[in-house]
Amino acid sequence: MVSKEQHALHIPISTVAHCHEAVVAFGKGIADFIGLKEYLTFCSIHDPAAVTPHGFNERDTVSIWSRTGRKQLDPDKYMDMIEAFQPDMYQSLCDGDTNPTSSKKRVQKSINRSIAFLEKCLERHEKSEVLKESAILGAVEGGYSIEGREDSAKYLANSSVFGYVIDGLHSNGPDVEQLTIEDVKPVLEASLKHLPNDKFRVLQGCWNPETVLSMVELGMDAFDSSYVYTVTERGGALIFQNSIKNLDIPSTATDVSYGAEPKDGSNLKPDTSIYAQSSYEIPEKKKRITDDKQVTSVVEEDKSVESETQGPIVESPEDTKSQTTSLNRKYEISLADKKYVLFVQYV
């Protein structure tokens, strides 16, 4: 509804496992089953927006949490689901239950199990008629062990997978936002330096935008949109400053700036440093509705910013002060000689 472009559709197996039998009976794959067959689909194991419980994977199985509760998947059960869902691209079954506090023994188990799962998934993949047009991604494991990461990446570099998922850095959920590039850069570099540059690389999780851009510079290709979802769930909005110096914008484009000026008197310009203020007060909001458009006014003292959008009107309830104002952040992200200013405002 936001864009007419057909972006890739991310479908975690944990969120659709309960549909398995229905999709098998339907016989046309998950994308057609949900009425979105025109989209490229990618299936992961877990939902990156929801915390994955720790300690439930076993020697031959990986646990997922669906709407009907915990399910244990071995490679055969997992590939049965993948063949039913028929995604364009999917992640091989893996044991990514590691984080910064995982022991060396746990990390090694993660690597060994993931390699064993991948071999079985590849065997099914290569024999499958319905998956002959699908791409399989191998999971690079190793937790926060440099040696473990290198061992896992070296193995996968010689496999026949289409690309890679850098896995095992976190347990999913909103807390991933707090991880910085400094936290993960050493293990990412250890993973990526052994992988072919011409193969696809995916990193899942609710990473904040500044960290995402740093990861792109390291060599990552794709990320999911779980960060946007988690911000929305806690009553937030991502607000972008649209005026970028020396950027060629088509004459048909509309330049609209959102958000009120900060109370500390900072002058927010596209080419200057921006301030970070965790105690930013939520400006009062007022709405007026017309038959064919919605006009939203954001008023703070004598300053106001107004934007108009076409489309169906849904009147929002009265705003209340967010309990997450302490999470308010503002990022300035520099790429090459251009500076992009991103506002993250929770309202």
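**Salt bridges in the predicted model**

Glu83 counts as partly exposed, with a relative accessibility of 23%; buried here means under 20% relative accessible area, exposed over 50%, and partly exposed in between (1.4 Å probe, protein chains only). This is a predicted model, where local features need pLDDT of at least 70 and side-chain atom pairs count only at pLDDT 80 or more, while totals for chains, interfaces and linings use all residues. Residues are numbered from 1 along each chain as its sequence is written, and side-chain values use heavy atoms, with hydrogens and water left out.

Side chains of opposite charge can pair when their charged atoms come close. A salt bridge is a side-chain nitrogen of Lys or Arg within 4 Å of a carboxyl oxygen of Asp or Glu. Searching the whole structure turns up ten salt bridges. In one of them, Glu83 meets Arg124 at 3.0 Å, N to O. Glu83 sits in helix α4 (residues 75-85) and Arg124 in helix α5 (residues 104-127), so this pair ties together parts that are 41 residues apart in sequence. Helices (H or I, at least four residues) and strands (E, at least two) are DSSP runs, numbered from the N terminus. Arg124 is partly exposed too, at 21%. Glu83 and Arg124 also belong to a network of salt bridges with Asp76 and Asp80.

Next comes Asp95, which pairs with Arg113 at 3.2 Å between the closest N and O atoms. Asp95 lies in the loop between β5 (89-91) and α5, and Arg113 in helix α5, so parts 18 residues apart in sequence are tied together. Asp95 is buried at 0% relative accessibility, and Arg113 is buried at 16%.
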